[in-house]
Amino acid sequence: MKHTIQALVENKFGVLARVASLFSARGYNISSLAVGETQDPTISCMTIVVSAEDERILEQIKKQLHKLIDVITVIDFTRRDHIDRELLLAKVVKTKESKATIDKLIKAYDLKLTEETGGYCIIEVSAEHHKIKEVLQSLKKFELKELVRTGRIAISK
């Protein structure tokens, strides 16, 4: 099961390396990681998605994070009411034949057409993980020149 953990950390060099080392040393795989400055420039917010098969492993991860001196708080969103999002940008080859299908996809998933030229278009979607997966599945029928996505970010309600 995937768990979303948020850690507020001091915005200093080396903090990300220490958190990554903690996961690496204990053999926990990070599925996604997003880090950004908060409203306080001295604090950064890390959103970490990790697979933990049982509660014991998840508790171990949270306890280890709390032990790091640069970590201010750790929040587990697993059972909390929250909103999470990921961002996906896809550069799709556009042909006369594919244009109508791409337009249908944009309407169906409420995607944003960020840029369009003669040969390709860039599609943007910010959504929950399951919707991102659906969009990725739908994009398989097109020729993709490039695809990038962020890690998950989350905020409590």
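Reader: Is valine 35 buried, partly exposed or exposed?

Author: This is a predicted model, in which local features need pLDDT of at least 70 and side-chain atom pairs count only at pLDDT 80 or more, while totals for chains, interfaces and linings use all residues. Residues are numbered from 1 along each chain as its sequence is written, and side-chain values use heavy atoms, with hydrogens and water left out. Buried means under 20% relative accessible area, exposed over 50%, and partly exposed in between (1.4 Å probe, protein chains only). Valine 35 has a relative accessible area of 45%, so it is partly exposed.

Reader: Which nonpolar surface patch includes Val35?

Author: Patches consist of residues with over 30% relative accessible area and no salt bridge; like charges are joined within 9 Å, and nonpolar side chains (Val, Leu, Ile, Met, Phe, Trp, Tyr) within 5 Å. A salt bridge requires a side-chain nitrogen of Lys or Arg within 4 Å of a carboxyl oxygen of Asp or Glu. Areas come from the Shrake-Rupley method with a 1.4 Å probe; for residues, only the protein chains shown count as cover. Here Leu16, Leu33 and Val35 make a nonpolar patch of about 230 Å².

Reader: In which strand is valine 35 placed, and which residue of E3 stands opposite?

Author: Helices (H or I, at least four residues) and strands (E, at least two) are DSSP runs numbered from the N terminus. Two strands pair if DSSP finds at least two bridges between them. Valine 35 belongs to strand E2 (residues 30–37) and faces methionine 46 in E3. The pairing of E2 with E3 is antiparallel, over 7 bridges, and a hairpin of 5 residues connects these strands. E1 is also joined to E3, antiparallel, by 9 bridges, with valine 9 opposite serine 44.

Reader: Why is E3 described as largely enclosed by the rest of the structure?

Author: The description applies because 7 of the 9 residues of E3 are buried.

Reader: Which residues of the largest nonpolar core touch the most other members?

Author: In soluble globular proteins, nonpolar side chains tend to be buried together. A nonpolar core is a set of buried Ala, Val, Leu, Ile, Met, Phe, Trp, Tyr and Cys residues joined through side-chain atoms within 4.5 Å. In the largest core, of 17 residues, these are Ile5, Phe23, Met46, Ile61 and Leu65. At least two residues each come from E1, H1, E3, H2 and E4, and H1 gives the most, with 4. Another core, of 16 residues, lies apart and includes Tyr109 and Cys121.
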